[in-house]
Amino acid sequence: MCKHSPTCPSAASSDRESARLTAHHPEQGWSLLCNGVLLFEDTGELLPDGEVVAPHRVLPTAVAA
């Protein structure tokens, strides 16, 4: 899918999230990357083959008072 140079990482690559944005819709909570990955604001992903990647955002830990 990626047609620019240097090419972006593939959707199967571990660094797939570093691909360039093709479409960005923050009001709807998603972005499409040029490698075909649909990236959601909760850090979940939908890969071009239909595989779902669960959100992997680091959540802050509670601080003891």
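**Entry 1: strands 2 and 3**

How do strand 2 and strand 3 pair, and over how many bridges? I looked this up in a predicted model, and I found that the two strands pair in the antiparallel sense over 3 bridges. Strand 3 covers residues 38–40. I then turned to the hairpin that strand 2 and strand 3 form, and noted 4 residues between the strands. G36 in this hairpin takes a positive phi near 90 degrees.

**Entry 2: the whole protein**

Next I stepped back to see the overall plan. For the surface, I wrote down that the protein exposes about 4,700 Å². Carbon and sulfur atoms supply 60% of that area.

**Entry 3: strands 1 and 2**

Back to strand 2, this time with its other neighbour in my notes. In which sense do strand 1 and strand 2 pair? Their pairing is antiparallel, over 4 bridges. Strand 2 is residues 30–33, and L33 in that strand is the bridge partner of L21. The hairpin of strand 1 and strand 2 has 4 residues between the strands. I found G29 in this hairpin with a positive phi near 85 degrees.

Which residues lie on the covered face and which on the uncovered one? S31 and L33 make the covered face, while W30 and L32 make the uncovered one.

**Entry 4: C34**

I followed the chain on to C34, which sits in the loop between strand 2 and strand 3. Is C34 buried or exposed? Its relative accessible area is 10%, so C34 counts as buried. I also looked up how C34 stands to L21: they are 13 residues apart in sequence, and their C-alpha atoms are 6.0 Å apart in space.

**Entry 5: the salt bridge**

I searched for salt bridges and counted 1. Which side chains meet in it? They are those of R16 and E45, at 2.7 Å from N to O. R16 lies in the segment before strand 1 (21–25) and E45 in strand 4 (residues 45–46), so the pair ties together parts that are 29 residues apart in sequence. R16 has 16% relative accessibility and counts as buried. E45 is buried too, with a relative accessible area of 2%.

**Entry 6: a nonpolar patch**

Which residues make the nonpolar surface patch? I noted F40, L46 and V52, with a patch area of about 250 Å². L46 belongs to strand 4, and its relative accessible area of 31% makes it partly exposed. To be in a patch, a residue needs over 30%, so L46 at 31% passes that cut-off.

Conventions
Residues numbered from 1 in each chain as written. Predicted model: local features only at pLDDT ≥ 70, side-chain atom pairs only at ≥ 80, totals over all residues. Heavy atoms only, no water. Salt bridge = Lys/Arg side-chain N within 4 Å of Asp/Glu carboxyl O. Buried < 20%, exposed > 50% of the residue type's maximum accessible area, 1.4 Å probe, protein only. Pairing = 2+ DSSP bridges. Patch = residues over 30% accessible without salt bridge, like charges linked within 9 Å, V, L, I, M, F, W, Y side chains within 5 Å. Areas by Shrake-Rupley, 256 points an atom, 1.4 Å probe, with all protein chains shown as cover.
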